[in-house]
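Dear colleague,

I am passing on a structure that you have not worked with before, and I would be glad if you could look through it. My notes on what was found follow below it.

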Amino acid sequence: MNNFNNIKRFLGLVAIVASLLVVGTILLRMDHGMVPKLPVRKLPLQVDISLQKFHYTETKQGVKRWDLAAEKAEYNKKKDLTSLATVRLTVAGAAKFGDLVITADRALYHNGTRDVVLSGNVTGVSSKGLRFSASNLSYLASRSLLVSEERVRFSDGGNELEGVGMEFQTQTRRFKLKKDVSAVFRQQEAR
């Protein structure tokens, strides 16, 4: 019986020593920085938050007004401004006109006014086939208005229209080119 108790004490002592060795090894590895650290990219000083796959939807009284998506977004709290890259702005239209999808290389989103300034390869396509392009364009959210002071090109079917400066009402699809306007109208074949 005495030998049996000695064996139990010996096994208990071995278990305690093994547990202490495991805990000691873990603590030693943590102390020497052997625990893998997750790589975290440092943000530029003017950027407070950086997001990948940004998506924001503006609604009014439960109805979607527009949808803004970007591959990357960087928010600057001091300026209350968000810089976007590879941008897609979808402005909801009435059933008669359908949605208007505008893409651009970059954009600035003004958080206070909800205005969007798009630049670099700005193109717009309506669900009814109207297309336009410009080097930069601003969306004034409170007025549902697209404006540009640069050269803008429109095409619809075989017709083309070009001018400098534009105002485009997104809800009615009425637009105005301000100066240096030229147009090419092609006769459409009857269907």
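Strand 5 pairs with strand 6 (residues 131–140) in the antiparallel sense, over eight bridges, and within this pairing Val 125 stands opposite Arg 131 of strand 6. Please keep in mind throughout that the model is a predicted one. The two strands form a hairpin with four residues between them, where Gly 129 takes a positive phi near 105°.

On its other pairing, strand 5 (residues 116–126) runs antiparallel to strand 4 (residues 100–110), again over eight bridges, and Leu 118 in strand 5 is the bridge partner of Ala 107. These strands also make a hairpin, here with five residues between them, and Arg 114 in the turn has a positive phi of about 65°.

Lys 53, which is not a glycine, has a positive phi of about 55°; its place is in strand 1 (residues 49–60), and it counts as exposed because its relative accessibility is 60%. Asp 180, likewise a residue other than glycine, has a positive phi near 50° and is found in strand 9 (residues 175–184), where it counts as exposed at 53% relative accessibility.

Definitions and conventions
Residues are numbered from 1 along each chain as its sequence is written. This is a predicted model: local features need pLDDT of at least 70, side-chain atom pairs count only at pLDDT 80 or more; totals for chains, interfaces and linings use all residues. Side-chain values use heavy atoms; hydrogens and water are left out. Two strands pair if DSSP finds at least two bridges between them. Buried means under 20% relative accessible area, exposed over 50%, partly exposed in between (1.4 Å probe, protein chains only).
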